[in-house]
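Hi everyone, thanks for making time. Let me put the structure up, and then we can walk through it together.

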Amino acid sequence: MKNITRLATILLIIFVLGSSTSLSVQAQPDITQPYLYYYSQLLGGLIIEHPDGTDTRQIAADVIPPNLSGLIGPAWSPSGKYFVAFAKDPVQTGIGNRTAYAIDSNGQKVVLSLYEVATKYFFTEWSLTGEDILLVVGNHVQNNSIELGTFFWLIDFEHNGKLLAEFATSYDIGIFDLSTINWDIANQKVQFYLAANAYDFGSHYRITMHFDGTTLREPVALEAFIPRNFESNNHVSESYSVSPQGTYEAHGYHPSLLTDIRTNQTIELPNHSQGKSCRSYLWTEDEKYMITLDGTLVAGHGCGDPVLGVTNSQGSLWRELGNCSWVAPPCAGWLPQNIELAPK
Amino acid sequence: MTRLTAILLVILAVTTTSLSVQAQPDPSQPYIYYYSQLLGGLIIEHPDGTDSRQIAADVIPPNMSGLAGPGWSPSGKYFAAYGIPSNDDSARVPYLIDTKGQNQAGWLHNVTVTSFMQWSPNGEDILLIEGVYNPNGLRDAFFWVIDVGHNQLLADFGVNLGGSSQRSEILWNVEQGQIVFEYAADLGTLQYYRVTMHFDGTILRQPISADEFIPQTSNSNLDTDEENRISPRGTYKAQRYPIARLINTTTNQPLELPRHTQGTGCRDYLWPENEAYIITLDGTALTDGCGFPALGVTNVQMTLWRELGHCTGASPCVGWLPQQVNVNNFPLGTSKPVQLDPIKIEYAGQIQVYGIDPAVAHILNFHCDQNMTAVLSDMRTHATLYKLNNIPCPYQPDQLPLPEKGFDVVVAEDPAHHLLATYSDWQGYGVSIWMLHDGLYEPLLKLNTQGLTLEFTDNNERLRARNFNGWKIYSVADILATVNTPK
């Protein structure tokens, strides 16, 4: 009986120790910190964590492979339930074509048809009116030798990836101009303009894609067509950024300085150990944290694909996160607030 | 002045002499056209080989199984077809040429797999092409409507057809400037659409119900059950098998038609309107007896027999030139056929041979030596036998796949004229003739014959080439004459 009591005591101690020990490594979400996400070039998939590295998790490591030079694409859907990106380069040695990746917030593959869009990503856009409907411009070309023919797919993620409408043009994906997309959800359609730069040179068309599958292409006059202005981040080379609410101004490189405009106090921000020149910033809305993108050394340029870091507005936090591309998001960013993270 | 006149007369006489090699059209003979598997392009000539010319050899390559598509345009000014490859290559490139053989709509070379071509049935030179850009992306189909006469793309439409798909007939309405068709795309579930392609570039795709969709039915031109072919006016009945006979339906008198030296059975016929000639299409042993045929042309008196090569079937592979095609629009023809004909055919009774005899063939290997010269060597002795000129080195296995263990080559040499004749299964169609220059054999021409056995005979005046059913005999003088023929 005495032995049994002793054994029970030992087991109880082991249980208590085991429970408390294992629980202690699971971080509690820190509501004072936002979440950042970034593509892990080292491990593949996305890493989602607090800026200080707590509450960290990796998703989709079995979907998005490591060693991509980066990701491009529309990132998180309006509802926050889905993430879509494409491998940045059309073909990378040992990796393959510019594959599409579509996952949910748990890292599970969704809309498998999108994985067949192999190369020549040109443009994707989530509905601007809040629905999880994605416009994809791409094609099914399986290698990089012939890249003619461009498809416009309207995919409803909320309904199991249903293809709402499809339009195709025989132009090469890079040799036409595209207008802005007019999302007219009330009338169940999108509309845009297209101008050829190939053998149909000089033709301008208005494309209407109805969600019931009806598509209409109409010739229009040149005046009707206003090409889309694809923005470029021209502040990168100046390493200059102003925080969202205008409180801070980041400027310079080696050193990178952060000036509080209200107090005119300036602090020195950390330098990336692999960064060479050029810096870009992604701020949180509350201006407390910044993701930094530092250009790496490229012969003749000095501003190659960046390395990622995260700091805060006091410069008291510094973590280096790995490499990615300048296209952030989807390479890195602050996690939208409507994304529900699964419990770990 | 008199001297000048004399000079002009001499020039005129000389010019006339040079023109004498150009054939005069013979109004009593129709024109035949056919894809030359041997030389590429189209050959257009009289049945007897006179007024012969080749067009588009630089557009339509040799060594394909044949052509498919609509052929001559309604106006006769253009020819449209797509290639049927001879190997597993899925490429089916569209070709659109004018009567000079000039390539039209050059961007079409980007279309790698063509599945359908059709001329407007209303008489305009408007062409519909259905195809894909990339053989790996076969699910993606594009439709192009081209006004060929005005070199203008009228409309284009693309669709993801999914794993399998069906399409309706094309409904042409040229008066309203549009075509309409329906298709079913297999995107997990079948989805049905109607497509209207307006010639002003407007494209409308509308979902339709399954009930509204009527799939296209395939029509086979060859009715293999039919034992006879009747001439257009009913004067003749041509038996298709087992013995090819021509029966005059008035006299009921049978005449045995010439056998094709490579034909094994299963014959079809193409008659011109005047019934005076017949194009024959014979199944061969190479194609399991009744597959892609060997072509021949004869007349109803049996006084003419020429063998033209192989193709995949009738139009656009071979046919009588339609009336709307103006022969004067072609380049001038020559009096001798573009493909050199044998001077004689010797049949070997019922004795047939079905392949290269290993006893007479060399097992040769092909490689490029350190000087980047193509070399044929003996696999057993490793001795260099022949060095070849104008063969690309380094060796490109993707372009010219060769068996690792070497390949059987039938070889005959004519040292008197420095000629070499070779035949093998991998070198494309026909017997290759090479001529020795400075230690290297240069390709001279190809002969429309098999060379299951090859022999230079009669003091090297003749080349005998064995075919399944007999021998084709060529004049070496004719072969040598091609050396000086302007290319």
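Let me start with a question: what share of the contacts in chain A with a separation of 6 or more comes from residues 24 or more positions apart? The figure is 44%, where two residues are in contact if their C-beta atoms, placed from the backbone, lie within 7 Å. For chain B, among contacts between residues at least 6 apart in sequence, 47% join residues at least 24 apart.

A quick word on the ground rules. This is a predicted model, in which local features need a pLDDT of at least 70, side-chain atom pairs count only at pLDDT 80 or more, and totals for chains, interfaces and linings use all residues. Residues are numbered from 1 along each chain as its sequence is written, while chains are lettered from A and ligands numbered from 1 in the order in which they are written.

On confidence, the predictor gives the complex an ipTM of 0.76 and a pTM of 0.82. Chain B averages a pLDDT of 86, and 87% of its residues score at least 70; pLDDT is the predictor's confidence in each residue, from 0 to 100. Please be careful with residues 4–20 of chain B, where pLDDT stays under 50 and the model has zero contacts beyond four places in sequence. Residues 221–225 of chain B are also below 50, and that stretch has three contacts beyond near neighbours in sequence.

Now the overall make-up. Chain A has one helix and 24 strands, and chain B has two helices and 35 strands. Helices (H or I, at least four residues) and strands (E, at least two) are DSSP runs, numbered from the N terminus. Of the 344 residues in chain A, 38% are buried; in chain B, the share is 41% of 487. A residue is buried if 20 or more other C-beta atoms lie within 10 Å of its own, exposed if 12 or fewer, and partly exposed in between, with C-beta atoms placed from the backbone.

Next, a sheet in chain A. Three strands form an open antiparallel sheet in the order E4-E5-E6. Its edge strands are E4 (71–76) and E6 (100–104), each pairing on one side only. The twist averages 15° from one strand to the next; axes are lines fitted to C-alpha atoms, for helices over the stretch in contact, and angles run from 0 to 180 degrees between N-to-C directions. E4(A) and E5(A), residues 82–87, are joined by four bridges, and A:Leu71 has A:Ala87 as its bridge partner. Two strands pair if DSSP finds at least two bridges between them.

Over in chain B, have a look at strand E21, residues 277–284. Why is it largely enclosed by the rest of the structure? Because eight of its eight residues are buried. Both faces are covered, with B:Tyr277, B:Ile279, B:Leu281 and B:Gly283 on one side and B:Ile278, B:Thr280, B:Asp282 and B:Thr284 on the other. E21(B) has antiparallel partners: six bridges join it to E20(B), residues 263–270, and six to E22(B), residues 294–299. B:Gly265 stands opposite B:Gly283, while B:Asp282 is bridged to B:Ala294.

Finally, the largest nonpolar core has 156 residues, and B:Leu127 is one of those with the most contacts inside it. Such a core is a set of buried Ala, Val, Leu, Ile, Met, Phe, Trp, Tyr and Cys residues joined through C-beta atoms within 7 Å. Thanks, everyone!
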